[in-house]
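Reader: I would like to learn how to read salt bridges in a protein model. Could you walk me through some?

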Amino acid sequence: MSETLDYDVTKVMAVLPHRYPMLLVDRVEEIVKDESIRAIKAVSMNEGFFQGHFPGRPIMPGVLIVEALAQAAGVLAMESLGLVDSGKLVYFMAIDGAKFRNPVEPGCLLSLNVEFVQKRATVCKFAGKAMVGDKVAAQANFTAMIADPPKS
């Protein structure tokens, strides 16, 4: 069942441990628990990475696009597995078949579309596609592990 949510950046930060400058999900537009998520990253010229990537031709680094997809997957996993407010974290384990198709520039709304490929209690596999309008910017398959945070 599709759920349209009031899932702004404040709620994203309640689910994910990431903070500026590494928080790459600004809002969740739609979530189908146990299936998929559509989230948004508003790409601004104020992003620190644009200072050096690349001067005169700012392009969002591909690795950060994949990270944004993984963060959206983290929200999907936490919601689907009932782990919000549990203190659990979602850790990247593997990235497969990453492809970068079109550049992501300042001013873009990056749509992060992720679906479960396999869901288990502690390891999940995902397929993600980052879109700018109707163009694929990047796509990848990735695996994540659900675990307790490291002891301090």
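Reader: Which residue forms a salt bridge with Asp34?

Author: In general, a salt bridge is a side-chain nitrogen of Lys or Arg within 4 Å of a carboxyl oxygen of Asp or Glu. Here, Asp34 pairs with Lys119, and their closest N and O atoms are 3.0 Å apart. This pair links distant parts of the chain: Asp34 is in the loop between β2 and β3, while Lys119 is in strand β5 (residues 109–119), 85 residues apart. Strands (E, at least two residues) and helices (H or I, at least four) are DSSP runs, numbered from the N terminus. A word on the source: this is a predicted model, where local features need pLDDT of at least 70 and side-chain atom pairs count only at pLDDT 80 or more, while totals for chains, interfaces and linings use all residues. Residues are numbered from 1 along each chain as its sequence is written, and side-chain values use heavy atoms, leaving out hydrogens and water.

Reader: Is Glu79 buried or exposed?

Author: Buried means under 20% relative accessible area, exposed over 50%, and partly exposed in between (1.4 Å probe, protein chains only). Glu79 has 14%, so Glu79 is buried. Its salt-bridge partner is Lys33, with the closest N and O atoms 3.7 Å apart. Glu79 belongs to helix α2 (residues 62–80), and Lys33 to the loop between β2 (27–32) and β3 (36–42). Lys33, at 35%, is partly exposed.

Reader: Which residues are linked in a network of salt bridges?

Author: Arg27, Glu29, Glu30 and Arg38 are. Within this group, Arg38 and Glu30 have their closest N and O atoms 3.0 Å apart.

Reader: How many salt bridges does a search of the whole structure find?

Author: The search finds eight.
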